[in-house]
Structure formats: structure tokens, C-alpha cells
Amino acid sequence: AASRAREKLERLESSSRYLSTQEIPSLADRILVADFSSPLPRFNVGFDLIVDIQALSYLSFEHASKRLADLYHVASSGATLVSRAFSDFQDVGHADAASRGSLVTATTGPLGGMPAQRLTSEGELEELMSPWDIGGLELVERHSRSTNEKISEWLIRAVKK
């Protein structure tokens, strides 16, 4: 996704008569990818938009909380974080009951056979996202027509206070 975004921005910048690459740095160069499984590298720029698509769901509550704090520190004032996380309404079959914030391995359903993931309640989500200010929170459920399996996830928009 980052590569496609860079390509589109490069095409837009090269075709625009209003942008001069000598006057402003390329926007394409500001799209960076980081691995949430370890501490984030130090960046010399602040980020205006941070996107997480389920990556934090594969980390324990404690680990995800640390990564979100890292993101908060590299975000510019007023920056937006958009994230998707599996909800605790997700069907995981006969998985073992998990303690708060632990990872669960689904035995059936749409997440069956995938690496363990954290299923997050709304209350846990509010705690996890601190110190971010949650500006939008939606519970979304999608169904497969062929299997009638449901994926339940939170769509989150948060802003740096």
C-alpha cells in the first residue's frame, strides 16, 4: 500500500504545474513503513497521519500500548491515527478463554488458522488508546456470503491531544 501511494503521489507531483520539487520536498518521500513488533526508530519528522490495519491486533495489550505510546511521540500536534482492531464480538470457535488483552488463537471462523490475535472490548480499547483522543469509534461487522462467517472489528480514528 505504501509503494502504491508513493507511486501515485510521484505521478501527481510530476504532472502538477503548481508543484515544484525544488521548492518543497516530495510528499512521496514522507510515506514511511515501520514494524510495530519492535520499538519504532527515531524519525526526524513528525507525522500527520498514521495508519494501522490490524497490526496492533497481533500484539498483546501491553505491547500494543507501548507501540501506541511510541506513535504518539512521533506524531505531530493534531495528527490523526486511523486503526482497525478485532473486536471481542469476533467468533473464534473453541479457543481457550483469554485473560484481558492476551492473544487468542481462533480454532474456527474467519480467523481460524491465522496467527494469534487480541480481541479487544470497547473499554479495553479506550484504555489502550490513551493518551490519544478517540474522535471516532465504530463497530463494523462483515459477513461472507459463502460461509456466513462474520468478522467483527473496531474502526478507530484518534487525534493527538
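This is a predicted model: local features need pLDDT of at least 70, side-chain atom pairs count only at pLDDT 80 or more; totals for chains, interfaces and linings use all residues.

User: Ok. Which residues touch the most other members of the largest nonpolar core?

Analyst: Ile 50, Leu 68, Leu 71, Leu 81, Met 129 and Trp 132, out of 23 residues in that core. A nonpolar core is a set of buried Ala, Val, Leu, Ile, Met, Phe, Trp, Tyr and Cys residues joined through side-chain atoms within 4.5 Å. Buried means under 20% relative accessible area, exposed over 50%, and partly exposed in between (1.4 Å probe, protein chains only).

User: And what does Leu 81 touch?

Analyst: Leaving out residues up to four places away in sequence, Leu 81 touches Ile 50, Leu 68, Leu 71, Met 129, Trp 132, Ile 156, Arg 157 and Ala 158. Contact here means heavy atoms within 4.5 Å.

User: New topic: how big is the largest pocket?

Analyst: Its volume is about 750 Å³. Of the 23 residues lining the largest pocket, the closest to its centre are Ile 31, Leu 32, Leu 49, Ile 50 and Val 51. A pocket is an open set of points on a 1 Å grid over the protein atoms alone, with protein on both sides within 12 Å along at least five of seven lines; lining residues have an atom within 4 Å of a point.

User: What classes of residue are in that lining?

Analyst: The lining of the largest pocket has 20 nonpolar, no polar and 3 charged residues.

User: How many cavities of 30 Å³ or more are there?

Analyst: The search of the whole structure finds 1. About 40 Å³ of space lies in the largest cavity, and its lining includes Asp 52, Leu 68, Ser 83 and Met 129. A cavity is a set of grid points where a 1.4 Å probe fits but cannot get out.

User: Last one: is Ser 152 buried or exposed?

Analyst: Ser 152 counts as buried because its relative accessibility is 0%. The side chains of Ser 152 and Ser 87 are joined by a polar contact of 2.5 Å. A polar contact is a pair of N or O atoms within 3.5 Å; within protein, one must be able to donate a hydrogen and the other to accept it, and residues adjacent in sequence count only if both atoms are side-chain atoms.

Definitions and conventions:
Residues are numbered from 1 along each chain as its sequence is written. Side-chain values use heavy atoms; hydrogens and water are left out. Grid points are joined across faces, edges and corners, and a volume is the space filled by probe spheres set on the points. Ala, Val, Leu, Ile, Met, Phe, Trp, Tyr, Cys and Pro count as nonpolar, Asp, Glu, Lys and Arg as charged, and the others, Gly among them, as polar.
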